[in-house]
Number of protein chains: 2
Amino acid sequence: MNVTLRGRTEHFRTVAFDARKNSVLLIEQRLLPHEFKIVGTKNFRETALAITDMVVRGAGAIGATAAYGLAQGALAFRGNDLKKFSAHVEAVYKTLGTARPTAVDPLNAMHQILFAMAKGESVAEKQSLALAAAEEFANEDARHCEEIGQHGVKLIRDGMKILTHCNAGWLAFVDTGTATAPMYAAQAQAKESHVFSDETRPRSQGATLTAWELAQQKISHQIIADNAAGHLMQRGEIDLVIVGSDRTLGRTGEVTNKIGTYTKAILAARHKIPFYVAIPLSTIDWKLKRGFDIPIEERHEHEVLGAWGINSRGMREYVRVANPTSGARNPGFDVTPAELITGIITPVGIFKPKNLWKHRHKLGYTK
Amino acid sequence: MNVTLRGRTEHFRTVAFDARKNSVLLIEQRLLPHEFKIVGTKNFRETALAITDMVVRGAGAIGATAAYGLAQGALAFRGNDLKKFSAHVEAVYKTLGTARPTAVDPLNAMHQILFAMAKGESVAEKQSLALAAAEEFANEDARHCEEIGQHGVKLIRDGMKILTHCNAGWLAFVDTGTATAPMYAAQAQAKESHVFSDETRPRSQGATLTAWELAQQKISHQIIADNAAGHLMQRGEIDLVIVGSDRTLGRTGEVTNKIGTYTKAILAARHKIPFYVAIPLSTIDWKLKRGFDIPIEERHEHEVLGAWGINSRGMREYVRVANPTSGARNPGFDVTPAELITGIITPVGIFKPKNLWKHRHKLGYTK
């Protein structure tokens with residue numbers, strides 16, 4: 001999407017590739033929203049480290065980074081020995097595949113690259129197929145988000161006020177994003193909207209990443225404390241909620257997403273406000289039978305006990321907010337049942353959550 | 001309540017009076033939870049300033065501060081001229097009464113002192129009556145909180161997990177607090193409980209003041225992000241919710257309290273968890289007919305856009321968390337309808353919110 005730097009607006013993808021330098025180009029997300037910087041990794045090890053250290057985060061974005069990283073590793077190989085090349089590619093795959101142990105997106109993305117490479121007969125051919133497959137993966141991710149936007153935009157009427165939670169924006173994907181895609185599509189159709197971005201404590205992705213995106217895209221928006229949505233709904237100030245999802249159960253329609261999503265769904269249901277979840281097909285889990293079985297990551301308590309921001313000297317700093325002798329609970333995600341969800345916006349259409357299973361073949365069902 | 005300083009546990013009130021020095025003693029709440037300090041005001045002007053600058057906050061606490069401040073001002077008068085004394089007291093009343101323009105507690109508290117003083121015939125007698133009345137006001141505030149605890153403790157079973165929001169603890173009153181009173185009473189009866197204290201963004205009173213109180217009182221507790229309560233309720237980890245209230249409508253049972261209270265009430269209702277509001281009688285509004293008519297203060301956006309805390313050098317600092325080019329909405333309070341409230345805990349018993357009007361004479365009804 002667009003970023004304006006020193007008055008000039010340019011289009012950027014979250015993840016891209018510089019073939020001349022054999023380098024993966026990433027928006028350094030840890031510096032946002034206070035600084036915009038593109039970093040180029042020198043080799044696949046640096047690319048893996050960028051995933052580990054969260055230079056890049058978000059399902060689609062880390063998938064594309066691993067895909068490019070695998071191509072980058074393959075392209076760095078010198079020689080024609082197919083056996084040695086295979087051993088090298090395996091090492092690259094393992095390094096990138098363990099960069100974020102719990103994430104499945106890097107693995108799924110790399111499998112696509114490996115399948116494509118298998119068709120090549122020489123090292124050079126495999127290298128070139130790897131890069132083409134990585135580019136295709138990234139383009140497909142961006143295209144799917146565009147398609148989510150085209151379906152989701154039908155929900156947005158001119159003048160609507162939309163609530164979103166956390167960041168399911170273009171920074172979490174290669175481009176456009178999922179929850180934000182309908183908003184960007186509405187803008188393209190000159191439909192005015194106003195977005196309320198939940199702060200999304202404890203990591204504040206709504207106040208930092210989503211707000212930065214919306215500001216860059218010149219979409220009217222305001223940040224609210226996570227406590228405020230209920231009041232705004234009660235006073236008729238929210239018309240629609242769109243969020244993303246880390247994992248959606250294809251069998252039940254339950255949605256796992258950032259902590260607080262479940263609360264917003266309950267609030268929306270009480271106020272009869274439509275609550276939509278925008279997802280790429282890759283995040284549908286066709287195996288799991290109960291949302292209750294999804295393990296909820298308990299994150300470090302320092303996230304709840306303080307906050308990161310820019311101090312008066314312009315430096316990034318963590319401040320301890322909470323009482324120094326108190327601890328915290330910090331569940332990272334929650335599970336929203338299907339009954340609270342009006343619809344799931346996918347690249348192939350909008351579905352009632354209970355109907356995902358019925359339409360599974362259209363939705364990329366895998367056993 | 002108790003505060004432990006350098007290993008020694010002492011009892012403190014939030015607001016007290018040093019008659020020898022004619023000084024109002026206040027816990028400097030702006031330094032909490034990182035530093036505990038008692039400040040003594042030199043004169044009624046300093047006392048008013050302490051209210052304005054929020055050295056002291058909370059309905060009961062600022063009421064008692066104004067009551068003591070009025071006595072302090074009266075006691076500082078030299079001479080026997082009743083006319084001059086009256087003019088002086090009026091000036092003191094005005095100074096303290098305008099220290100927090102929207103608060104009614106200082107005015108109501110001072111009216112009690114003025115009524116008591118009216119019975120005196122000389123300056124000396126009026127001065128002594130003023131101090132006695134201020135002491136009585138403070139003692140009554142503490143006693144009412146104790147009584148709330150005695151009624152509320154019946155709701156707490158051994159091992160319960162209790163959620164609270166914001167700070168309706170002893171720091172908001174002279175002692176004991178309202179929402180916290182049943183927890184302290186349960187502790188006194190050796191009933192074990194565990195308290196989840198909502199962080200309460202944007203001002204984080206739950207993470208700072210409530211957590212500090214509970215830690216000082218050695219009550220098992222953890223801070224949670226405001227986003228986490230729904231998930232904990234879904235997983236059966238919360239048995240009871242108790243919050244305070246700034247204004248409760250005697251005619252409808254609607255409760256105004258810190259932003260986010262309404263959300264917690266909706267969550268509790270969905271999960272069939274009892275939701276109680278603990279209040280002193282002075283916060284019941286017998287006039288207003290609709291909660292919708294309560295003006296909701298829109299506070300400064302910097303509260304939402306950043307956080308105050310202690311930096312790595314041990315200094316208190318504000319950090320800007322949010323995207324620098326984004327703004328915020330910041331409603332300070334919300335209104336919870338009676339249907340979501342299981343009961344109102346008062347010093348004279350627990351009532352269904354719809355029954356407040358029926359029991360108005362017991363509840364200190366004033367036209």
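Trainee: Which residue of chain A forms a salt bridge with B:Arg270?
Mentor: First, a caution: this is a predicted model, where local features need pLDDT of at least 70, side-chain atom pairs count only at pLDDT 80 or more, and totals for chains, interfaces and linings use all residues. Residues are numbered from 1 along each chain as its sequence is written, chains are lettered from A and ligands numbered from 1 in the order in which they are written, and side-chain values use heavy atoms, leaving out hydrogens and water. A salt bridge here is a side-chain nitrogen of Lys or Arg within 4 Å of a carboxyl oxygen of Asp or Glu. With the closest N and O atoms 3.3 Å apart, the partner of B:Arg270 is A:Glu339.

Trainee: How many salt bridges does the rule find across the interface of chain B and chain A?
Mentor: The pair B:Arg270 and A:Glu339 is a salt bridge. Across the interface of chain B and chain A, the rule finds eight.

Trainee: Which element gives the largest share of the side of chain B that touches chain A?
Mentor: Helices (H or I, at least four residues) and strands (E, at least two) are DSSP runs, numbered from the N terminus. Elements giving two or more residues to that side include α7 (205-216) and α9 (261-270) of chain B. The largest share, six residues, comes from α9(B).

Trainee: How many residues of chain A are in contact with chain B?
Mentor: Contact means heavy atoms within 4.5 Å. Chain B puts 70 residues in contact with chain A, and the number on chain A's side is 70.
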